[in-house]
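Please look over this structure before reading my notes. They are brief and taken point by point.

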Amino acid sequence: MRQNKSLLLLAVLLSFSLLLGACSSNGGAKETSATAGSGSSGGNTAKDETVELSWYTIGTPQKDVNRVMEEVSKYTAEKIGVTIKMTQIDWGDYTQKMQIATSSGTPMDIMFTSSWAFDYVQNARKGAFYVMDDLLKEQGKGIMDTLDPAFLEGSKVDGHNYGIPAKKELPALEVWRFNKTLLDKHHLSMEGIYTLESIEPLLKTIKDSEPDITPFAITKDYMPVLPYDYLISNLPMVVSLDKGDYKVVNVLETPELKAALDTMHSYYKKGYVSPEAATTNGLDDTQKSGKWFLDRAATTPFADNLWSASYGYPVVSTPASESMIFNWSVMGSLQAISANSEHPEKAMEFLNLLNTDPVLRNMIDSGIENVHYKKTADNAMENLEESKNYDMPTFSLGNVTLTYLNTGDPENKWDEYKVFNEAGKVAPTLGFNFDSTSVTTELASIQNVKGEFWSALMTGTVDPNEYLPKAIEKFKAAGLDKVIAEAQAQLDAWRAANPK
């Protein structure tokens, strides 16, 4: 009997020792993630069970981002057992810095990607992103319930989802934006404004009257509106939107681009454009100070209200292009999970919450209530003075239809988004994604040439009569003709398989 008691005591002690060992060990990041997940909706997650998710996103770094993320983390730790560390990278630097970060294996969990910054399709094919198909079915059910299937279907790469598109507008519609204070001060009108050439009389008035104002505010990423669809964002391979011939051409050799470059160089010489335009990453300071008259942006329904609330003074706009649905507009804003993430399930839980929970979505978007903004109704808000320290790009952060209404927004704002989406004209190449696998060497060389010429040409900083021929020659030497031929072959095969 004594022997049985000894064995029983030994077993109890051994079990207690193993339990203590388990409690004192982190068990690795993935084990911790699984532990945290056990209380994802119960709100009782212990502090040492939370997982920190590293989130890289685009936009001018904001002063209060860490302050806001502390509040966000309190909420998400309670809800799903995660905390958030956000790293913002300025607009013009995002692609290059993210390419370096992913190539070097920088630890990260969630990252912004799109057709125009840190290219979604190309990086999905390079293996930078986690395949989300199963995660969507398990941890992302809320996303699948709320997101129009067209977004998930349209953003598939080779049959798989690698990113969560923001629930927002589908078409791309460019507008000329005006600082209304200056527009009114000089009794100027937006009537008749549409083409690049049509804005010159207004720019001249501001240049002659307002020496401290930038007449035409642009960054190094500026591109003229042209009747072409870019097969890879901001690289020279394009297809005409109007001709219906599905011919891939070098946009640098088109008469439309040459005319636009001539106009921009004229504007540059006349002082309408900042001398630093070709190296300017963002306009955050210029916009907050109000020291600009006109720029160009992609719009959404009632965007003027959003911009006015963000800047603290009235902004108005008028169309500068047709409303078109491109691949790159469908893929204009996505959140991906890093292929190297140690917490993919928790990352998807966070993305699911971000896209379904109004409290979290508005905290991420507008900051801390009664610090950065105040609510004026259950679903409406206005910015406070501190909002200047936390002014985020709404479109880049997930489901925009969860965000509070701004001053002047109608109650049916989100119904108008549906109308806006249905009015978009479908680009002829919608659904075609160029596979660059066989021309990666050439594309790397083309990117180098782009760095040498692109921004200087597009912003009007250099004379296109001198530099455009040089750029064309160097792009060809880098292998552009081979890339165009490969793109044409793929486009022809796609058309044969998808007759319209």
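1. Basis. This is a predicted model; local features need pLDDT of at least 70, side-chain atom pairs count only at pLDDT 80 or more, and totals for chains, interfaces and linings use all residues. Residues are numbered from 1 along each chain as its sequence is written, and side-chain values use heavy atoms, with hydrogens and water left out.

2. Helix pair. Helix α18 spans residues 440-458 and helix α20 residues 480-497. Helices here are DSSP runs (H or I, at least four residues), and strands are runs of E, at least two, numbered from the N terminus. The two pack at about 125°, with axes 9 Å apart. Axes are lines fitted to C-alpha atoms, for helices over the stretch in contact, and angles run from 0 to 180 degrees between N-to-C directions.

3. Their contact. Glu442, Leu443 and Ile446 of α18 meet Leu480, Lys482 and Val483 of α20. Contact means heavy atoms within 4.5 Å.

4. Cores. The largest nonpolar core has 64 residues; Phe216 and Phe293 touch the most other members. Such a core is a set of buried Ala, Val, Leu, Ile, Met, Phe, Trp, Tyr and Cys residues joined through side-chain atoms within 4.5 Å. Helix α18 gives the most to this core, 8 residues. Another core, of 37 residues, lies apart from it and includes Leu360 and Tyr390.

5. Loop residue. Gln62 sits in the loop between β1 (51-58) and α3 (65-80). Is Gln62 buried or exposed? Gln62 is buried, at 6% relative accessible area. Buried means under 20%, exposed over 50%, partly exposed in between (1.4 Å probe, protein chains only). Among the residues that Gln62 touches are Gln88, Asp284 and Tyr390.

Conventions. Lists of a residue's contacts leave out its neighbours within four places in sequence.
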